[in-house]
Amino acid sequence: MEVLSYLIPISLLLGGVGLVAFLYTVRSNQYDDPEGDARRILNKDWDDHPKP
Amino acid sequence: MTAALRPSISACPACVAAPGAQALAEQALHKDAHIALSLPTIHCSACISTVEKALAAVPGVRSARVNLTLRRATVEADPAIMPDQLVKVLEGAGYEAHELDAGTLSVTQNDRAGRDLLMRMAVAGFAMMNVMLLSVAVWSGATDATRDLFHWISAAIALPTLAFSGVPFYKSAWAALRARRLNMDVPIVLALVLALATSLWETALSGHHAYFDATVALVFFLLTGRYLDHRTRAIARSAAQELSALEVPRAIALRDGAEVQLPVSELRIGDLILVRPGGRMPVDGVIAEGRSEIDRSLLTGETLPVFAEPGRAVSAGEVNLTGPLTIRATAVGRDTSLHRMADLVAIAESGRSRYTSLADSAAKLYAPGVHILSALSFLGWYFYSWDVRTALNIAAAVLIITCPCALGLAVPAVTTAASGRLFRKGMLIKDATALERLAQVDTVVFDKTGTLTAGTPELTNLAAHDKGEAAVALALAEMSSHPLAVSLANAARAAAITPAEVADLTEVPGYGTQGIWKGQPVRLGRAAWTGATPGAETTAWLAIGDAAPRAFTFTDRLRPGAANAVQHLMRQGKRVILISGDTEPVVAALATRLGIAEWQADALPADKAARIADLQAAGHHVLMVGDGLNDTAALTAADVSISPASALDAARVASDIVLLGSDLEPIGDALTTAQSAIRRIKENFRIATWYNIIAVPVAVIGLATPLVAALAMSLSSITVSLNALRLK
């Protein structure tokens, strides 16, 4: 049962990381254009170097 | 576009004296030069990069970003860039583009309420998963200190979650209580608070049952329902706003002899305004200069254009057809007849709000029922066992079990499915209860001009004229961009007629075109100008020399799908009525063409609304389909209303549903879809009721453990959602 003392905090932490990541994506408008983003990934424009 | 056409940024004369202020204002504008463009035809990843590259290549454009979901592009550019320029660039690249009014759009751009709900839902979902993990351990047999620890951890997660995620319910319940009403949220909040309090108490006394998982799951399911509901309406709202934003309120004013483009809101009484052919009058006014014809169909329903000459009064919303007109503004902004009509709508609107939705009437029965039930089980158990702890536990269990998870999802899940289905067919449901009202409809009232007909004329009697006459008419018609002339030319070309050789062709704005053919003067145009006597039908007259003028008659072309929609409705057993402001022969002809038995001509806006009120008084549920300003009062008076996308902004605002395409056919389907949606909603209510009938006795006799509550809640929510998806 001692295993619980670190497994529970770990599971809460991991869930918390997921939640924070989700809140970050909502705040930075990443759900504004789901259809366009799905297509942009097939775009060859910035394959060689990142967009300046 | 030159700098002279741009509006001066500061309107006050003092600012001109202080150039610093002018520069400041200029700078502020520099930062905010957003241009929004609607791109209805983009559909692929290649489109995105083509459009973005084409826009970025325009000098002065800082950045351009395409949103494929909204089919829109946002451009940040120097203020010197005019939207028309970008539209031309995109048309060159092969994409249809329209300017959108950024001011109208800004409301949709940050959907704060939606984002807020999504955040709260995410937090509740995260907390639910974690608490459930701990609860599974308790259900599968954790005891003593382990169970207590798990309960405390659950409490530590559930308390902040409920404090954050439950806010929409607390607010709504508080608002209802302050108004001395009960809504669905009152029992929800009571259940949450009571369950949380008893669970904490139980945990402190190291009891067996704690409802932390159920409370969090409850909030999550209810927020899901609320978010679905919100999103359906947000999509409709943003599409409706895009339609409004397509009409950029800008006018060309003549100030000190120079043409200045101004927002309509900045026009003043006495301003001289230039209205080009094809343009819409921005304000009420008197014609100061120019001769033309005016299309008043959006205001009155008349199809015959009206002759316009200096001194004639015009109203905002009328369309200038042939020659450029200069008008002197007599009423601007809120004082224009367009706005006064729109104000009439607001009065009629109060009648609409009397409709109570199915969900509201369910809540009215439900909320007191639940409270009484839980109070009774508390009292019953208290007098049976004289133990407050047990009695409170059972009362909380009853509240949790009866809590309207399924009820909260029953309506939004179905309306989301139905609205999505109708949206794909080109219908926009603007109002939350529109589907319910649509399902009750038994009488459909159509407007004629612009609704059943497309508003474009069609030549009817080409065969009645010999080739020579038709050839002369064609030659004259090709000179003009008047709708009748264009239609005549198209029909003649399609009949393989070649234009005759007519010399000295000139267009006389407001009258017609004239020329010399084989030494004789020839004219094509208005009756009085060609020496004919005007009839009731839409007619262009051809005069050759001194011979009697020949009539080319026109009829208004039917909108695509109009005949099918009317037939579809009649097959469903609906009563179809045609009410128009147009003249009797025209209305009668259209009614026979479509097989509509009941019709009324020469109807004033008030007549239309009165007729609908009569029908409603006789117990009918009326659907009104109309597009013009003369229909707005009727649109608001009817139980539910539909307008096409081409309708005037005021008419679209007044109606519950907007048809996005030009096709009328979806109307018939919409009624069927609405009826099946209401059937599903009622089924869902029945499922929720049955679930309560089984679960409540279990809770009242004290057999509901947290495990049973969690199972029952999830099961009913999933059943209801799946039933909603059955909607085809």
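**Exercise 1. Determine where Thr416(B) lies and whether it is buried or exposed.**

Solution. Thr416(B) is found in helix α15 of chain B, residues 405-424; helices (H or I, at least four residues) and strands (E, at least two) are DSSP runs, numbered from the N terminus. The model is predicted: local features need pLDDT of at least 70, side-chain atom pairs count only at pLDDT 80 or more, and totals for chains, interfaces and linings use all residues. Residues are numbered from 1 along each chain as its sequence is written, while chains are lettered from A and ligands numbered from 1 in the order in which they are written.

Next, burial is assigned from C-beta atoms placed from the backbone: a residue is buried if 20 or more others lie within 10 Å of its own, exposed if 12 or fewer, and partly exposed in between. Thr416(B) has 23 C-beta neighbours inside 10 Å and therefore counts as buried.

Finally, its partners are listed. Contact requires C-beta atoms, placed from the backbone, within 7 Å. Leaving aside neighbours within four places in sequence, Thr416(B) is in contact with Leu228(B) and Thr232(B). Arg233(B) lies 183 residues from Thr416(B) in sequence, with a C-alpha to C-alpha distance of 8.9 Å.

**Exercise 2. Describe how α14(B) packs against α13(B) and against α26(B).**

Solution. Two packed helices are described by the angle between their axes and the distance between the axes. Axes are lines fitted to C-alpha atoms, for helices over the stretch in contact, and angles run from 0 to 180 degrees between N-to-C directions.

Step 1. The axes of α13(B) (residues 358-385) and α14(B) (residues 388-402) come within 8 Å and cross at roughly 155°. The pair is therefore roughly antiparallel; angles under 35 degrees count as roughly parallel, over 145 as roughly antiparallel, 65 to 115 as roughly perpendicular and the rest as oblique.

Step 2. By class, the contact of α13(B) with α14(B) has twelve nonpolar, five polar and no charged residues. Here Ala, Val, Leu, Ile, Met, Phe, Trp, Tyr, Cys and Pro count as nonpolar, Asp, Glu, Lys and Arg as charged, and the others, Gly among them, as polar.

Step 3. With α26(B) (residues 666-700), α14(B) packs at about 165°, the axes being 9 Å apart. This arrangement is roughly antiparallel because of that angle, and the crossing is right-handed. Ala397(B), Val398(B), Ile401(B) and Thr402(B) of α14(B) meet Asn692(B), Ala695(B), Val696(B), Ala699(B) and Val700(B) of α26(B). The class count for the contact of α14(B) with α26(B) is seven nonpolar, two polar and no charged.

**Exercise 3. Give the strand order of the seven-stranded open sheet of chain B and identify its edges.**

Solution. Strands pair if DSSP finds at least two bridges between them. The order is β14-β26-β25-β24-β15-β22-β23, with mixed pairing. β14 (427-429) and β23 (598-600) of chain B each have a single partner strand, so one side of each is left without a neighbour in the sheet. The twist averages 20° from one strand to the next. Within the sheet, β15(B) (residues 443-446) and β24(B) (residues 622-625) pair in the parallel sense over four bridges, and Val444(B) stands opposite Leu623(B).

**Exercise 4. Characterise strand β9(B) and its partners.**

Solution. In a regular strand the side chains alternate between the two faces of the sheet. In β9(B) (residues 292-295), Ser292(B) and Ile294(B) point one way and Glu293(B) and Asp295(B) the other, and all are buried. Three bridges join β9(B) to β10(B) (residues 306-308), antiparallel; β12(B) (residues 319-320) is paired with β9(B) over two bridges, also antiparallel. Ile294(B) has Val306(B) as its bridge partner in β10(B) and Asn320(B) in β12(B).

**Exercise 5. Identify which elements of chain B supply the side that touches chain A.**

Solution. First, 19 residues of chain B are in contact with 20 residues of chain A. α3 (45-56), β2 (61-67), α6 (112-139) and α7 (144-165) of chain B each supply at least two residues of that side of chain B. The largest share, nine residues, comes from α6(B). By class, this side of chain B has twelve nonpolar, six polar and one charged residues.

Conventions: Contact = placed C-beta atoms within 7 Å. Left-handed = near helix turned anticlockwise from the far one by under 90°.
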